[in-house]
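Subject: Structure handover

Dear colleague,

Here is the structure you will be taking over. Please look through it first; my notes follow below.

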Amino acid sequence: MVANSRMNEQELLAAFDEAIENDHIFAYFQPQVNHSTGRMVGAEALMRWKDPECGMQYPSDFIPVLESNGLIYKADLHLFDMVCRFINKCIDEGLTVVPISVNLSRYDIYDRDYVEEIEKIRQKYDVPVKYLRIEITESSAIGGIKLVKNALDRLHGYGYLVEMDDFGSGYSSLNILKDLDIDIIKLDMIFMSGKLGGRGGTILNSIIQMAKWLQTPVIAEGVETMEMANFLKSMGCNYIQGYLYSKPLEEAGFLQKIKDMDYEPVQSAMQLITDMDNGKFWDPDSMEAIIFSNFVGPAVVMTYDIYDHSAEIHRVNEQYVREIGRGQDEYDILNSDPWECFDEENLKIYEETIKKAIASDDEEMCDTWRSYCTKLCGEEKICIRSHMRVVGKGGDKYLIYSRVRNVTTEKKALMELNNSEHLLKYGFEHANVYAWEVNLSTFEMHPCFRCMRDLGLPPVVKNYPEPVIESGLFPADYADMYRDWMKQMRDGVDNLEAVIPLTAGRIPFIVRYTLEYDENGKPLKAFGSATLVVDNEEKSE
């Protein structure tokens, strides 16, 4: 058994060529696991060096030596070669093949034609590109963004997925993510050392949510406890790498792990419907965003968690702020709890409509009353009509796009009309009066309770008055006159009245109509009534 002893720089340099030739520099593999399912989603290849005389050397000791002496390029290519050999072996033996990530050093990017070299190695071993991922560190992009972008473009040209390693450990994370087309983000858990939550937890949650909108999977590395893994899962990060599931393993141990664990591919954090370009939607200068902001009317984008029934607003347009905000600005709306304005009954209606939209994969509509209390407007209750559609899904969360309209005035008018009808129906009962209303844009007729009871009319009569004429309720010799009435009212004639014999018995009724207009003066509804004609003889009796 070889005792481990630390080699100095001269010893490492002297032993390097032999280490490459005899595979003393080799790969350990650390599994990446979906914490929700317990399945493996991939692994990272980590460089190790075991000298025949001095034993294992720490990567923190030998990697800086190789970098400063221009040898890391050769070591990285050797490691990539070993990973391709390993995958080729798994394919030949019919074993499950999982994607393996290999690090690309900033020295590889700056000094050599590394991308073409690894592609030659891959082709030599005939390894499908889907089984290989290339990791770049966040620090490698600082100060050399153009070189890194060029390398990423060439890697993507060959079909490689690219991971950003140690994300969050540097100072330019957001700028780098904006400029580079990264496929997978690997979170550095170093800033979460110590107590969970607090400012670090807030930052972590923001990164995970941002990655969802970019449709970029997130893998958290350095996860050592179940508490940490569950904390990450609660924020929507299920993919983890660390000692909780496995330490880095030599090839034999990793092969056994592959045999013991099921495999599943990494999925995007938020999968959007195919006809929606997510990147363009969130770009303020894109046509999609311009349409959202200016032409669709009041609209909101929110997430709904079907597991814990919570919701979060992510975007509203200016029309929404003006019409629905009730004195709040955009910042207030985005930082509010969407549920706080609902009472129990209306929240149930709203959530049931969201669930219908999830189940139907189509637009669903509901009207809900909401209470708002602001310094500007005081306490106010309004009715909002929401047309909701699911546009994305990630885990238990659904991305909801909703067009909304304030229908408070219409609802109050309808409530007043219903109250009036409730009071009038008893009068109608004793006065031999039948009443109905006609929508002049759709020609749908809504009869009163007596019309339905005595005349057998349904709650809604479509294409009015044709079905009523066909039934014989209006006699044929009055049909054309009555059709002309409908046309006159649609053109704005306010009052119409005539004695018309109704039913097969040709009983005379005084039929009257009056109109209701919208805010633009256009005829909206016609209110009709039929009062039995009673002669003086009948009155005296």
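**Helix H2 and its surroundings**

The buried residues of H2 pack against helix H1 (9–21), strand S2 (39–51), strand S3 (55–57) and helix H3 (72–92). Packing here rests on contact, meaning heavy atoms within 4.5 Å. Helices (H or I, at least four residues) and strands (E, at least two) are DSSP runs, numbered from the N terminus.

This is a predicted model, in which local features need pLDDT of at least 70 and side-chain atom pairs count only at pLDDT 80 or more, while totals for chains, interfaces and linings use all residues. Residues are numbered from 1 along each chain as its sequence is written, and side-chain values use heavy atoms, with hydrogens and water left out.

H2 itself covers residues 59–68, and its buried residues are Asp61, Phe62, Val65 and Leu66. Seen down the axis of H2, they fall within an arc of 115°, so they line one face of the helix. The arc is taken over the directions from the helix axis to the C-beta atoms. An α-helix has 3.6 residues a turn, so residues three or four places apart point the same way. On the other side of H2, Ser60 and Ser68 are exposed. Buried means under 20% relative accessible area, exposed over 50%, and partly exposed in between (1.4 Å probe, protein chains only). After H2 comes glycine 70, which has a positive phi, near 70°.

**Helix pairs**

Axes are lines fitted to C-alpha atoms, for helices over the stretch in contact, and angles run from 0 to 180 degrees between N-to-C directions. Angles under 35 degrees count as roughly parallel, over 145 as roughly antiparallel, 65 to 115 as roughly perpendicular and the rest as oblique. A crossing is left-handed if the near helix is turned anticlockwise from the far one by less than a right angle, and right-handed if clockwise.

H3 and H5 pack with their axes 9 Å apart, at an angle of about 25°. The two helices, H3 and H5, are therefore roughly parallel. Their contact includes Tyr73, Leu77 and Phe80 of H3, and Ile118, Ile121 and Tyr125 of H5. H3 passes H5 in a right-handed crossing.

H5 (residues 114–125) also pairs with helix H7 (residues 145–158): the axes come within 9 Å and cross at roughly 20°. H5 and H7 are therefore roughly parallel to each other, and their crossing is right-handed. Here Val115, Glu116, Ile118 and Glu119 of H5 meet Ala151, Arg154, Leu155 and Tyr158 of H7.

For H3 and helix H11 (residues 251–260), the axes come within 13 Å and cross at roughly 40°. That angle makes H3 oblique to H11. On the H3 side the contact is made by Phe86, Lys89 and Cys90, and on the H11 side by Glu251, Phe254, Leu255 and Ile258. This crossing of H3 and H11 is right-handed.

**Cysteines**

How many disulfides does a search of the whole structure find? The search finds 0, a disulfide being a pair of cysteine sulfur atoms within 2.5 Å. For cysteine 383, the nearest cysteine sulfur belongs to cysteine 366 and is 9.0 Å away. Cysteine 383 is buried, with a relative accessible area of 0%. The sulfur of cysteine 451 lies 3.6 Å from that of cysteine 448, the closest cysteine sulfur, which is too far for a bond. Cysteine 451 is also buried, at 2% relative accessible area.

**The whole protein**

The protein has 21 helices and 20 strands. Of its 541 residues, 46% count as buried. Among contacts between residues at least 6 apart in sequence, 59% join residues at least 24 apart.

Regards
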